[in-house]
Amino acid sequence: MGSQIDTLKDNQPLNLYYPLVSDFFTVYNGNSFLIGRIPNNDLRKQIIKTYTLAKGMVDSFRLNNDLVHKLETANKIFQETNAEIHKQHATAHLSTLITYAKAIKQSHISLRSETSQLLRELRKSGVLSEPAKRQ
C-alpha cells in the first residue's frame, strides 16, 4: 500500500479498497506487557510510537474504505436517478476522499520515518542484524 500512497498526487483521492480482515498486531497485543521490561528507554519508546502510528494507519485505511464505499453508492444512485442532489452528494464524498488522502499520505510519511528509526534502534541494541550488503 505504501507505493500506492507514495505515487498519490495532490488533490487525488485514494480511491481503492484495502482489505483489512484480521488483527495485524497480534504479537504486539499479546505481549505488550513485556515492553515495560525492555531496559533501553529509547527502544521501548520507539516500539510504542511506531505501533501507535501503524495502528492509526490501519484505522485510516478502514475509514478510507468506508469513504470509497459512500462515493461508489452516491455515484450509483446518481447514475440511476440522474438527480442533481445525488450528483452533489457524490461530489461531496469525492471531496472528502481527496482531503482524507492528504492526511493518509502525511501519516504514511510519519510511519515510514518512525519505522526506519525503530529498525535502527533494534539493530543498535543487537536485536536485529545489519542487512546484508549487495554485491
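Modeller: A crossing of two helices is called left-handed if the near helix is turned anticlockwise from the far one by less than a right angle, and right-handed if the turn is clockwise. With that term in hand, take the pair α2 and α3: their crossing is left-handed. Keep in mind throughout that this is a predicted model. The mean pLDDT of the chain is 91, and 96% of the residues reach 70 or more. Among the elements of the chain, helix α4 (residues 84–124) has the highest mean pLDDT, 96, while α2 has the lowest, 81.

Now the geometry of that pair. Helix α2 covers residues 26–35 and helix α3 covers residues 41–81; they pack at an angle of about 155°, and their axes are 11 Å apart. An angle over 145 degrees counts as roughly antiparallel, so α2 is roughly antiparallel to α3. On the α2 side the residues that meet α3 are Y28, N29 and I35, and on the α3 side they are R44, I47, I48 and Y51. By type, the residues of this contact are five nonpolar, one polar and one charged.

The loop between α2 and α3 holds G36. G36 has a relative accessible area of 58% and is therefore exposed, since exposed means over 50%. From G36 to E84 there are 48 residues in sequence, and the distance in space is 57 Å, C-alpha to C-alpha.

Next comes the pair α3 and α4. These two pack at an angle of about 160°, with axes 8 Å apart. So α3 is roughly antiparallel to α4. Here too the word left-handed applies: α3 passes α4 in a left-handed crossing. The residues of the contact of α3 with α4 divide into 21 nonpolar, 15 polar and six charged.

I104 is found in helix α4. The relative accessible area of I104 is 0%, so I104 is buried; the limit for buried is under 20%. Leaving out residues up to four places away in sequence, I104 touches I5, L14, M57, S60, F61 and N64. I104 and L20 are 84 residues apart in sequence, and their C-alpha atoms are 16 Å apart in space.

One of the residues touched by I104 is N64, which is found in helix α3. N64 has a relative accessibility of 1% and therefore counts as buried. Apart from neighbours within four places in sequence, N64 is in contact with L14, L16, L97, Y100 and I104. N64 and N15 lie 49 residues apart in sequence but 8.1 Å apart in space, C-alpha to C-alpha.

With 6% relative accessibility, E121 counts as buried. Not counting residues up to four places away in sequence, E121 touches N40, D42, L43 and Q46. Of these, D42, L43 and Q46 fall within helix α3, residues 41–81.

Two loop residues deserve a look for their backbone. Most residues other than glycine have a negative phi. N82, which is not a glycine, has a positive phi of about 55°. N82 is found in the loop between α3 and α4. At 59% relative accessibility, N82 counts as exposed.

N11 also has a positive phi, near 60°, and is a residue other than glycine. N11 sits in the loop between α1 (2–6) and α2. With a relative accessibility of 53%, N11 counts as exposed. Yet N11 touches I98 and K102, when residues up to four places away in sequence are not counted. The C-alpha atoms of N11 and T99 are separated by 7.4 Å, although the two residues are 88 residues apart along the chain.

To recap: α2 is roughly antiparallel to α3, and α3 is roughly antiparallel to α4.

Definitions and conventions
Residues are numbered from 1 along each chain as its sequence is written. This is a predicted model: local features need pLDDT of at least 70, side-chain atom pairs count only at pLDDT 80 or more; totals for chains, interfaces and linings use all residues. Side-chain values use heavy atoms; hydrogens and water are left out. Axes are lines fitted to C-alpha atoms, for helices over the stretch in contact, and angles run from 0 to 180 degrees between N-to-C directions. Helices (H or I, at least four residues) and strands (E, at least two) are DSSP runs, numbered from the N terminus. Angles under 35 degrees count as roughly parallel, over 145 as roughly antiparallel, 65 to 115 as roughly perpendicular and the rest as oblique. Contact means heavy atoms within 4.5 Å. Ala, Val, Leu, Ile, Met, Phe, Trp, Tyr, Cys and Pro count as nonpolar, Asp, Glu, Lys and Arg as charged, and the others, Gly among them, as polar. Buried means under 20% relative accessible area, exposed over 50%, partly exposed in between (1.4 Å probe, protein chains only). pLDDT is the predictor's confidence in each residue, from 0 to 100.
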